[in-house]
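Take a look at the fold below.

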Amino acid sequence: MTGAVIDLNADLGEGFGRWTLTDDEALLSVVTSANVACGFHAGDPSTMRRVCALAAERGVRIGAQVSYRDLAGFGRRAMDVPSEELADEIAYQIGALQVFARAAGSRVSYVKPHGALYNRVVADSEQAEAVVAGVLRAGAVCDGPLPVLGLPGSRLLTVAEGVGLPVVTEAFADRAYTWAGTLVPRGDVDAVVHDPETVIARAVGMARDGLVTAIGGEPVAVDARSLCVHGDTPGAAQLAWRVRGALASAGIRVEAFT
């Protein structure tokens, strides 16, 4: 697919206090969009400020990575949060990040759920509606409607589109897929693809051909404008560089979607 364009996003700022997980500075030299943890699954005010400043300096778009309130479980534990409470917590996280994005001379450009919330809103309409309500509530401090980044075919994107929010589809080069085009649950042994060469080949295939091989071996269509490279895996920054280089070699332009 000559002339293909893809965004590279990564989860950043996933530390807390003296504890750090992601190599934010190195990854911000590679990606075009930064999903910044907003304090509910990881992150703290100083980390958020630091990542926003680095992202603004390098022209990387800043996204709010919103989550269930679950620091102990890194936002990966299933939770049942009442809709109104979840909507308020989504708005709260976006607003907090906007403070630091503005201080850095930039702004929050999009929203992406994290972990258990991300997977929940693939099929759960009620939780998807709560997330969208939170995004809308935060619109007043974000210069209007924010794009929502999520899995193609998810309830989240359907609900967001239904109320007029821009939607952006994404794919994961280092996550295993089911035949239905959903992500294999994190608890499964084969949920994450660890081999760098496989990750690189999958990234190019997704961006150029719109295809990925599912866990059962069958090809699955993926319609993605953004490609996620996880920042919490060993050697993440080096792998992200290799992915970006392979995309360029395949004639695929890497640029932000906003």
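Which residue forms a salt bridge with Arg69? The partner is Glu89, and the closest N and O atoms are 3.3 Å apart. A salt bridge here is a side-chain nitrogen of Lys or Arg within 4 Å of a carboxyl oxygen of Asp or Glu. Glu89 lies in helix α3 and Arg69 in the loop between β3 and α3, so the pair ties together parts that are 20 residues apart in sequence. Helices (H or I, at least four residues) and strands (E, at least two) are DSSP runs, numbered from the N terminus.

This is a predicted model, in which local features need pLDDT of at least 70 and side-chain atom pairs count only at pLDDT 80 or more, while totals for chains, interfaces and linings use all residues. Residues are numbered from 1 along each chain as its sequence is written, and side-chain values use heavy atoms, with hydrogens and water left out.

The two partners sit in unlike surroundings. Glu89 is buried, with a relative accessible area of 8%. Arg69 is exposed, at 52%. Buried means under 20% relative accessible area, exposed over 50%, and partly exposed in between (1.4 Å probe, protein chains only).

Now step to Asp70, which is in the loop between β3 (61-66) and α3 (83-103). Its relative accessibility is 3%, so Asp70 counts as buried. Its side chain meets that of Arg77 in a salt bridge, 2.5 Å from N to O. Arg77 counts as partly exposed, at 46%. Leaving aside neighbours within four places in sequence, Asp70 is in contact (heavy atoms within 4.5 Å) with Phe40, His41, Gly75, Arg76, Arg77 and Met79.

The count comes to 13 salt bridges. Another joins Glu255 and Arg253, at 3.0 Å from N to O. Salt bridges that share partners also link Asp11, Lys112 and Glu170 into one network.

Next comes the loop between β1 and α1. Gly15 lies there and counts as buried, at 5% relative accessibility. Beyond four places in sequence, Gly15 contacts Thr20, Leu21, Ala42, Gly43 and Asp44. Gly15 and Asp44 are 29 residues apart in sequence, yet 7.5 Å apart in space, C-alpha to C-alpha. Leu21 belongs to the loop between β1 (5-12) and α1 (24-27). Leu21 is partly exposed, at 33%. With Phe16, Trp19 and Leu71, Leu21 forms a nonpolar patch on the surface, with about 370 Å² of accessible area together. Such patches take residues with over 30% relative accessible area and no salt bridge, joining like charges within 9 Å and nonpolar side chains (Val, Leu, Ile, Met, Phe, Trp, Tyr) within 5 Å.

Turn to helix α7, residues 196-209. Its 14 residues reach 19 Å from first C-alpha to last, close to the 20 Å expected at 1.5 Å a residue. That expected span is 1.5 Å times one less than the number of residues. Among its buried residues are Val199, Ile200 and Ala203. The buried residues of α7 pack against β1, β6 (167-172), β7 (211-213), β9 (226-228) and α8 (236-249). After α7 comes Gly210, with a positive phi near 70°.

The largest nonpolar core has 80 residues, and Ile94, Leu227, Val243 and Leu247 have the most contacts inside it. α3 gives the largest share of this core, seven residues. A nonpolar core is a set of buried Ala, Val, Leu, Ile, Met, Phe, Trp, Tyr and Cys residues joined through side-chain atoms within 4.5 Å. Not counting residues up to four places away in sequence, Val243 touches Leu8, Val199, Ile200, Ala203, Leu227 and Val229.

Key:
Accessible areas come from the Shrake-Rupley method with a 1.4 Å probe; for residues, only the protein chains shown count as cover.
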